[in-house]
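Hi,

Here is the structure I promised to pass on. Have a look at it first, and then read my notes below.

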Amino acid sequence: MAIATNLKNIKETIPEGVTLVAVSKTKPTESILEAYEFGQRIFGENKVQEMTKKWEVLPKDIEWHMIGHVQRNKVKYMAEYVSLIHGVDSLKLLKEIDKQAKKNNRVISCLLQIHIANEESKFGFDEKELLHLLESEEFKSLENIKIVGLMGMATFTQDINQIRKEFKNLKLLFDTTVSMLSDVKVLSMGMSGDYQIAIEEGSTMVRIGSSIFGARNYS
């Protein structure tokens, strides 16, 4: 019952209009079903093979979000069913998603990942690269992807002012993107440790795992 209680508590802190992605990576199907039975339908995974195994056995009305870094050679395994790919960080990856979506007669929704953190380990476009991509003919020629928003991860720090500043910058870039692409409505920022700040700064989608499912065991 702990998962249902945690989910209830989290949902009470999230305003209407903000989508909750329950991050179920490394968690067993039983845990996902517990959240599902409490009404959660959107789950996020960071490994394509793990997500595909879960998709095969769990209820088909679940929306699966790929929230991890995506390798191009793995796109084909999720193209049949994935609802949203969060971490799209290159034109090459977009082209591969477009190609695999076409093979599956689908249009796959994507978020462009923006590098906002003060950490080299994070992926994503900077502002200049993003605008260059959106104006390029190659990007405009892709017919089986739909860019529905932006995603970013703040620096892993205790400095709330820094986190807030990074989210503010992403929101400004989001507003620019909205003016360029008609389908853009999602701003995915905020995780267990910083989602409330993210919501204050304009997030419309938060990715929460450990606060729902408990700490992860990676061993």
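Before we start, one definition: two residues are in contact when they have heavy atoms within 4.5 Å of each other. Also keep in mind that this is a predicted model.

Let's begin with aspartate 61, which you'll find in the loop between helix 3 and strand 3. Which residues does aspartate 61 touch, leaving aside its neighbours within four places in sequence? The answer is Tyr36 and Arg41. With arginine 41, there is a polar contact between the two side chains, at 3.1 Å. Arginine 41 also has its charged end over the ring of tyrosine 36, 3.6 Å from the centre of that ring. Is aspartate 61 buried or partly exposed? Its relative accessibility is 43%, so it counts as partly exposed.

Next, the aromatic rings. The model has two aromatic pairs. One is phenylalanine 43 with tryptophan 64, a tilted pair with 6.1 Å from centre to centre and 40 degrees between the planes. This pair links distant parts of the chain: phenylalanine 43 belongs to strand 2 and tryptophan 64 to strand 3, 21 residues apart. Both phenylalanine 43 and tryptophan 64 are buried.

Tryptophan 55 and tyrosine 81 also pair up, and theirs is a stacked arrangement: 4.3 Å centre to centre, with 10 degrees between the planes. Tryptophan 55 is in helix 3, while tyrosine 81 is in the loop between helix 4 and strand 4, so the pair ties together parts that are 26 residues apart in sequence. Tryptophan 55 counts as buried because its relative accessibility is 17%, and the cut-off for buried is under 20%. Tyrosine 81 is buried too, with a relative accessible area of 8%.

Last stop: arginine 207, in strand 8. Not counting residues up to four places away in sequence, arginine 207 touches a whole list of residues, including Val21, Ile67, His86, Met151 and Gly190.

Cheers

Terms used
Residues are numbered from 1 along each chain as its sequence is written. This is a predicted model: local features need pLDDT of at least 70, side-chain atom pairs count only at pLDDT 80 or more; totals for chains, interfaces and linings use all residues. Side-chain values use heavy atoms; hydrogens and water are left out. Helices (H or I, at least four residues) and strands (E, at least two) are DSSP runs, numbered from the N terminus. Rings of Phe, Tyr and Trp (its six-membered ring) pair if their centres lie within 6.5 Å; planes under 30 degrees apart count as stacked, over 60 as edge-to-face and the rest as tilted. Buried means under 20% relative accessible area, exposed over 50%, partly exposed in between (1.4 Å probe, protein chains only). A charge sits over a ring if NZ of Lys or CZ of Arg is within 6 Å of the ring centre and within 35 degrees of the ring normal. A polar contact is a pair of N or O atoms within 3.5 Å; within protein, one must be able to donate a hydrogen and the other to accept it, and residues adjacent in sequence count only if both atoms are side-chain atoms.
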